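Visitor: I am new to this structure. Please show me how to read it, one feature at a time.

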Amino acid sequence: MEFETLAMQFAPVGIALTERRIVRNCNPAFAEIFGGQPEDFTDLDLVRLYPSIEDYIRIGAAGLDRMREGSVYSDERIMRRLDDTLFWCRVRGRSLIKDEPFARAVWTFIDISAERRVFDLSPREREVAMHTCQGRTAKEIARDLGLSHRTVEQYRAQLFEKTGAANKAEFVAFFMGMPDVKPEP
């Protein structure tokens, strides 16, 4: 077997080659992560693997900007398996055509759901959670999302309540899969 074929078949991470956000080829690890066989994903629109159309659009826009700069796009996000269950996934992607990033790209996927629980969050709550975990302030998040900083604080309060976090440090530690940061009595 050729080196490239071996690498694709036995890579310990999910790999997908996409054209215009349509899966053209994937390895067995990708299929396993998303709950199917490699042939189940041939010509599958990636929108099917996102929790919502809003997430697909928002994350796509962020990735497109970074990939136009020639950078590798990476994030940790909630994705959807073929059976519609949600899970946390670490995603990295690189365009093969810099001027047209989504024309053809290669992506890696790692299931990190063992490190993070999935909560029933709205698309906006997921956005605020992701930005918060990146260390962004309420004002920075508000500016990027076109909201008031008070609205962002309201979303954070809802997120703290849903996760049982008492403050931002506990919330970030919770979502980042870190040990409990509550002080010992």
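Guide: Start with the largest nonpolar core, which has 25 residues. Those with the most contacts inside it are F30, F34, F41, L49, M79, W107 and F109. This is a predicted model, where local features need pLDDT of at least 70, side-chain atom pairs count only at pLDDT 80 or more, and totals for chains, interfaces and linings use all residues. Residues are numbered from 1 along each chain as its sequence is written, and side-chain values use heavy atoms, with hydrogens and water left out.

Visitor: What is a nonpolar core?

Guide: In soluble globular proteins, nonpolar side chains tend to be buried together. A nonpolar core is a set of buried Ala, Val, Leu, Ile, Met, Phe, Trp, Tyr and Cys residues joined through side-chain atoms within 4.5 Å. Buried means under 20% relative accessible area, exposed over 50%, partly exposed in between (1.4 Å probe, protein chains only).

Visitor: Which residues does F41 touch?

Guide: Contact means heavy atoms within 4.5 Å. Not counting residues up to four places away in sequence, F41 touches V23, C26, F30, A31, F34, G36, L49 and L82.

Visitor: What is the order of the strands in the open sheet?

Guide: Helices (H or I, at least four residues) and strands (E, at least two) are DSSP runs, numbered from the N terminus. Two strands pair if DSSP finds at least two bridges between them. Here five strands form an open sheet in the order 2-1-5-4-3, with antiparallel pairing. Strand 2 and strand 3 are the edges; each pairs on one side only. Five bridges join strand 1 (residues 14-19) to strand 5. I15 stands opposite T108 in strand 5.

Visitor: At what angle do helix 6 and helix 7 pack?

Guide: Axes are lines fitted to C-alpha atoms, for helices over the stretch in contact, and angles run from 0 to 180 degrees between N-to-C directions. Helix 6 (residues 138-145) and helix 7 (residues 149-163) pack at about 110°, with axes 8 Å apart. That angle makes helix 6 roughly perpendicular to helix 7 (65 to 115 degrees). A138, K139, I141 and A142 of helix 6 meet H149, V152, E153 and R156 of helix 7.

Visitor: Is F160 buried or exposed?

Guide: F160 lies in helix 7. F160 is buried, because its relative accessible area is 17%. Leaving aside neighbours within four places in sequence, F160 contacts A165, N167, K168 and F171.

Notes
Angles under 35 degrees count as roughly parallel, over 145 as roughly antiparallel, 65 to 115 as roughly perpendicular and the rest as oblique.
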